[in-house]
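Colleague: I'd like a close look at one part of this model, and then a walk from there to its pockets. Could you take me through it?

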Amino acid sequence: MALIDCHFFSETLDMHCGMTVILPQPLARAPHWPRFDPARGHPTLTLLHGLSDDHTAWARQSAIERYVEGTGLAVVMPAGGRSFYSDMHSGPRYWQFLSEELPRLARSFFPLSAERDDNYVAGLSMGGYGAFKLALHYPERFAAAASLSGALDMVRCAQDEAITHAGELHGIFGPPAHMAAQGNDLFALARTVGERGPCPQLFQRCGTADFLLDDNTRFAAHARQLGLPLDYASGPGLHDWVYWDAQIQHVIAWLMQLRSQTGKSSA
């Protein structure tokens, strides 16, 4: 595998940014690994960090490089600040960066596939919110999305003044009443995803000792009521890297199973 620390200038954010990228490295000694088709590009997992982390977090805190070895998957891990991957009410346009500029730049730098069946998004906590937000906004772009310990009910969080970051959330999202209209309410996006395309396959996990468990339980019930293709389970775990490192392995295995079912097992 090739691990790349990439620095570049974002015109959307008007500042220099970073992303960590993992690219498959076919080896002659591993002929059973997926072969690379340069006409198509690598299937790609966009992997998003949480509120207090940056683009290096997944590579430093988990063994993601080892977990994707031999799968043919490229992994793009961008820096998202403390933006909740949103066009901030008082701050930069991180949603436009993530959804428009980043994929265009990443595909210009690296041989990455633009096909829907080759594109997936996942994340933890704030990144879990960002992953489902991307997939539900743009179901025509992503075949699957995974949320680990996701902050999935941001309307509730922004309305709860007892939450430590409530004031910060107001600066990000503006008035909570406007969140659905601005595309920042996952519950509203779930209700309308079918208007934009077939819903991506969804994978959701949360630890039973996680402070976001109730939000995850509510979103899972909402998605199931709507008939969305959701694989949700909770089990022992905290809001920490021990849990996320274990669960990202299940995400990778789930993606490989989906690729096998759709005949996309070759890279």
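Colleague: What kind of β-α-β unit do E7, helix H8 and E8 make, right-handed or left-handed?

Modeller: A right-handed one: E7, helix H8 (residues 213–225) and E8 together make that β-α-β unit. Right-handed here means that, with the strands pointing away from you, the path from the first strand over the helix to the second runs clockwise. Keep in mind that this is a predicted model, where local features need pLDDT of at least 70, side-chain atom pairs count only at 80 or more, and totals for chains, interfaces and linings use all residues. Numbering starts from 1 along each chain as its sequence is written, and side-chain values use heavy atoms, without hydrogens or water.

The helices (H or I, at least four residues) and strands (E, at least two) are DSSP runs numbered from the N terminus. Strands E7 (residues 201–207) and E8 (residues 230–235) run parallel, joined by 6 bridges; DSSP needs at least two for a pair. Within that pairing, Phe 203 has Asp 231 in E8 as its bridge partner.

Now for the pockets. Volume is the space filled by probe spheres set on the points, which are joined across faces, edges and corners.

The largest pocket comes out at about 380 Å³. Its lining has 20 residues, and those nearest the centre are Leu 51, Ser 125, His 165, Phe 211 and Leu 212. Helix H5 (residues 154–159) gives the most to that lining, 3 residues. By class you get 12 nonpolar, 6 polar and 2 charged (nonpolar is Ala, Val, Leu, Ile, Met, Phe, Trp, Tyr, Cys and Pro; charged is Asp, Glu, Lys and Arg; the others, Gly among them, are polar).

The second largest pocket holds about 250 Å³. Of its 19 lining residues, Thr 46, Pro 103, Arg 107, Asn 119 and Phe 142 sit closest to the centre. Strand E3 (44–48) and helix H3 (94–109) are the elements giving two or more residues to this lining, and H3 has the largest share with 7. Here the classes are 9 nonpolar, 5 polar and 5 charged.

Technical notes: On a 1 Å grid over the protein atoms alone, a cavity is a set of points where a 1.4 Å probe fits but cannot get out, and a pocket is an open set with protein on both sides within 12 Å along at least five of seven lines; lining residues have an atom within 4 Å of a point.
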